[in-house]
Every structure is written in structure tokens, then in C-alpha cells.
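Subject: A structure for you to look through

Hello,

I am passing on a structure that I would like you to look at with the notes below beside it.

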Amino acid sequence: MRLRVLLAAVLALVSCGALTTIVLAAKKNDGRSVRVVLRNADGVAVGVVTMRARSASAPVSVRVNVRGLTPSFHGFHVHAVGRCEAPTFMSAGGHLGAGATNHGMHPGDMPSLLVKRNRTATLSFTTDGFKIGDLRDSDGSAVMVHAGADNFANIPPRYAPGGPDQATLDTGDSGARVACGRVAPAR
Ligand SMILES: [Cu+2]
Ligand SMILES: [Zn+2]
């Protein structure tokens, strides 16, 4: 309510470009959207991910545009820590929310990217695995693209009678981390 009054006051005062800029900047940090630039191990931008929600508790709509990746499926997840240290990006930790469940049901697990022969991919989906606020927690988070396809820990028993091993259950075996995009903590 106080925010609404404040907003009304600010809007009432908006009569010059500078104030408009301040209001737009505030809107960007409203807790309902994030924009993430994916960079490869050389630091080259290879894509953009936007995530939006209608409210702080609503499911998140994700839109991805990438280019310059190898044609094939690529594992695509939110990782727990907002640190993208090239070239391995291991600094970003494991999958967001991993621990309570196996890979495939981690909150940060997302549909795979399908990169076409022209080395671009687009992907659009919604998830209720996480909220925008989860991405912007105290250590942030990172959106990660892997080198290979994700098996979502879906290994038929004829291959693994005792079930898949821990690495598969934790990661889905999509291999090296090839592009990373940092989500900063909320301020
Ligand atoms: Cu990953
Ligand atoms: Zn996972």
C-alpha cells in the first residue's frame, strides 16, 4: 500500500526525462522479471534468457534465444550459485534446489535447448519449479547450457538394473558447461 502511494507520488512528479528513467529502472527490479546474458568460456555473449512472472508467487515464463552453439540437444538448467567463472563454470554449483529429489525433478531443471543446423535455438516454456525470488536469493543463481543432451536421469532398468549411479541422478549427464549467465542477488 505504501509502495502504491509512493508510486503514485512519483508518477505525479514525472514531467521530465530523468524521472522517467528512474521509474523505468525501478520497474526492471520489481522482482517479477530477470534478463540473463549467456556467455561462453571465452566471454562471448551467445544468448539471452528472459524470465517473467505475473507476481512474485506466479509460475515463471522463460524465453531463450541462443546462437553459435553446436547443433544438437543441450542440457539447460538453473544452477544454485550466481558465479560464472570461465572456462569450466563449476563455480555455479549444482542444480538449483538439488538434494531433496533426483535430477529431472530439481526445481532448476528445465527443457533442453534444441540447437538447429544454423547454430541457433529458441525455446519458450513456463515452470513452477522456482520463483523469480529464488533466482535472486542471497547467492544469486546461474542459467547454464551444457555441451551434450540431458537424460533427465531416465535410464531404463535394462541398462542399470540397480538404478543409475549418483552422477546421473544428480546431473543427467549433459557434460561440460559451455555457456553461463549470472543472475545477481536482489538488492
Ligand atoms: Cu546444468
Ligand atoms: Zn537437475
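Read along the sequence, the elements of the protein follow the pattern α-α-β-β-β-β-β-β-β-α-β-α-β, which comprises 4 helices and 9 strands, where helices (H or I, at least four residues) and strands (E, at least two) are DSSP runs numbered from the N terminus. Please bear in mind that this is a predicted model, in which local features need pLDDT of at least 70 and side-chain atom pairs count only at pLDDT 80 or more, while totals for chains, interfaces and linings use all residues. Residues are numbered from 1 along each chain as its sequence is written, and chains are lettered from A and ligands numbered from 1 in the order in which they are written.

Strand E8 (residues 141-146) in turn pairs with E9 over 6 bridges, with Val145 opposite Ala179. On to E1 (residues 33-40), the pairing with E9 rests on 2 bridges, and Arg39 has Cys180 in E9 as its bridge partner. Further along, E2 (residues 45-52) and E3 (residues 60-66) run antiparallel and are joined by 6 bridges, with Val48 opposite Asn65.

How much of strand E9 (residues 177-183) is buried? Of its 7 residues, 6 are buried, a residue being buried if 20 or more other C-beta atoms lie within 10 Å of its own, exposed if 12 or fewer, and partly exposed in between, with C-beta atoms placed from the backbone. In the protein as a whole, 32% of the 187 residues count as buried.

In a regular strand the side chains alternate between the two faces of the sheet. In E5 (residues 76-79), Phe76 and Val78 point one way and His77 and His79 the other way, and all are buried.

With best wishes

Definitions and conventions. Two strands pair if DSSP finds at least two bridges between them.
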